[in-house]
Amino acid sequence: MAQTTPNHKLTVAGWAAHDPSGVITPYTFKRRVNGADDVSIKILYCGICHTDIHHVKNDWGITMYPVVPG
């Protein structure tokens, strides 16, 4: 998992690819609490486009895993 700073206290979950196999698995990570200059949004739905698939499979050689598509 990527390094987090000490103020990253909220544990959240999603789905991520961890290698070029294209397999998406559950992923848990920590994020910081929103500050006074941050905006919170609630995401209800997410789609995967063809570009996401290329990125998950590292077709362009630039993907940094884990990657959360969508």
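User: Hi! Is Cys49 buried, partly exposed or exposed here?

Analyst: Cys49 is partly exposed, with a relative accessible area of 40%. Keep in mind that this is a predicted model.

User: And what about Cys46, buried or exposed?

Analyst: Cys46 counts as exposed, at 54% relative accessibility.

User: How many disulfides does the structure hold?

Analyst: Zero disulfides.

User: Okay, new topic. How many salt bridges did you count?

Analyst: The count comes to one salt bridge. The side chains of Asp38 and Arg32 make it, with 2.6 Å from N to O. As background, side chains of opposite charge can pair when their charged atoms come close.

User: Where do those two stand on accessibility, Asp38 to begin with?

Analyst: Asp38 is partly exposed, with a relative accessible area of 29%. Arg32 is partly exposed too, with 34%.

User: Which residues form the nonpolar patch on the surface?

Analyst: That patch is formed by Val39, Ile41 and Ile43, and together they have about 390 Å² of accessible area. Ile43 counts as exposed, at 64% relative accessibility.

User: Where does Ile43 sit in the chain?

Analyst: Ile43 is in the loop between strand E2 (24-32) and helix H1 (50-56).

User: Let's zoom out. What order do the elements run in?

Analyst: Starting at the N terminus, the order is β-β-α, which comes from two strands and one helix in the protein chain. The radius of gyration is 14 Å, well over the 11 Å that the globule rule gives for 70 residues, so the chain is more spread out than a compact globule.

User: What box do the C-alpha atoms fill?

Analyst: Roughly 40 × 25 × 20 Å, taken along the principal axes.

User: And what share of the 70 residues is buried?

Analyst: Buried residues make up 11% of them.

User: Last one: what does UniProt place at residues 35-70?

Analyst: The UniProt record, an unreviewed entry, has the feature "domain: Alcohol dehydrogenase-like N-terminal" there. In the model, that span is 19% helix and 0% strand, and its end C-alpha atoms lie 25 Å apart.

Conventions:
Residues numbered from 1 in each chain as written. Predicted model: local features only at pLDDT ≥ 70, side-chain atom pairs only at ≥ 80, totals over all residues. Heavy atoms only, no water. UniProt positions renumbered as here; feature names shortened; annotations may be inferred. Helix = DSSP H or I, 4+ residues; strand = E, 2+ residues; numbered from the N terminus. Disulfide = S-S within 2.5 Å. Buried < 20%, exposed > 50% of the residue type's maximum accessible area, 1.4 Å probe, protein only. Patch = residues over 30% accessible without salt bridge, like charges linked within 9 Å, V, L, I, M, F, W, Y side chains within 5 Å. Areas by Shrake-Rupley, 256 points an atom, 1.4 Å probe, with all protein chains shown as cover. Salt bridge = Lys/Arg side-chain N within 4 Å of Asp/Glu carboxyl O. Rg over C-alpha atoms; globule rule 2.2 N^0.38 Å.
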